[in-house]
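Dear colleague,

Please find below the structure I promised to hand over. My notes on it follow, and I would be glad if you read them with the coordinates open beside you.

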Amino acid sequence: MQRCCQRDALDTGMDQLMRSAQIADLQQKVLDADNEGRIKQRWDSITTIVEAKSALKILMAEVVASKAANAKLESELKQEKANLLDMQKILCDERKLMSAMDMEHQSQLVEMEQRHQEKVLYLLGQLQSNPVAQEN
């Protein structure tokens, strides 16, 4: 019984969330349509050359500002790409260095293992020869 009530509550909550999302979507569409209508109305309200000239000046200023912002962003992007390439080169160099160090470490381990084995064999040989010498 309790599960049924919980399921109903969840279903109701989901329905409300869906309605809220639909309402928000419709509101955004209304705002977009309203903005388009206002822009069209502004253009339709331009009746003189002076108004057209003023509107074109404003539009040109916006275009110039947009172009400047675009150029700045492209410059930043170019710089970031260069930084990325530098970092990738550094990473590659560090990986090579790490690989070389790892190989050297492995070589040292093998060498130490061999010395250790030689010492163990020498000591075993000494142990085997000492009891014979003590008996004589």
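Throughout these notes, a residue is called buried under 20% relative accessible area, exposed over 50%, and partly exposed in between, with a 1.4 Å probe and protein chains only. What you have is a predicted model, in which local features need pLDDT of at least 70 and side-chain atom pairs count only at pLDDT 80 or more, while totals for chains, interfaces and linings use all residues. Residues are numbered from 1 along each chain as its sequence is written, and side-chain values use heavy atoms, with hydrogens and water left out.

To begin with the overall form, the protein chain contains two helices and zero strands, where helices (H or I, at least four residues) and strands (E, at least two) are DSSP runs numbered from the N terminus. The chain has a radius of gyration of 40 Å, well over the 14 Å that the globule rule gives for 136 residues, so it is more spread out than a compact globule; the radius is taken over C-alpha atoms, and the rule is 2.2 Å times the number of residues to the power 0.38. Along the principal axes, the C-alpha atoms fill a box of roughly 130 × 65 × 10 Å. Of the 136 residues, 1% count as buried. The accessible surface comes to about 13100 Å², with 61% of it belonging to carbon and sulfur atoms, as computed by the Shrake-Rupley method with a 1.4 Å probe, where for residues only the protein chains shown count as cover.

Turning to the charged side chains, a search of the whole structure finds three salt bridges, each defined as a side-chain nitrogen of Lys or Arg within 4 Å of a carboxyl oxygen of Asp or Glu. In helix α1 (residues 2-45), K29 and D25 lie four residues apart, about one turn of the helix, and the closest N and O atoms of their salt bridge are 3.6 Å apart. K29 is exposed, at 51% relative accessible area, whereas D25 is partly exposed, at 40%.

Helix α2 (residues 49-135) holds K89 and D93, which are likewise four residues apart, about one turn of the helix; their salt bridge has its closest N and O atoms 3.3 Å apart. Here K89 is exposed, with 53% relative accessible area, and D93 is partly exposed, with 36%. A further salt bridge joins the side chains of R115 and E111, at 3.6 Å from N to O, and these two residues, four apart in helix α2, are separated by about one helical turn. Both partners count as partly exposed, R115 at 44% relative accessibility and E111 at 42%.

There is also a nonpolar patch on the surface, formed by I39, W43, L56 and L59, with about 390 Å² of accessible area together. Such patches are made of residues with over 30% relative accessible area and no salt bridge, like charges being joined within 9 Å and nonpolar side chains (Val, Leu, Ile, Met, Phe, Trp, Tyr) within 5 Å. Helices α1 and α2 each supply at least two residues of the patch. One of its members, I39, lies in helix α1 and is partly exposed, at 46% relative accessibility.

Finally, D34 is found in helix α1 and is partly exposed, at 37% relative accessible area. D34 and D11 are 23 residues apart in sequence and 34 Å apart in space, C-alpha to C-alpha.
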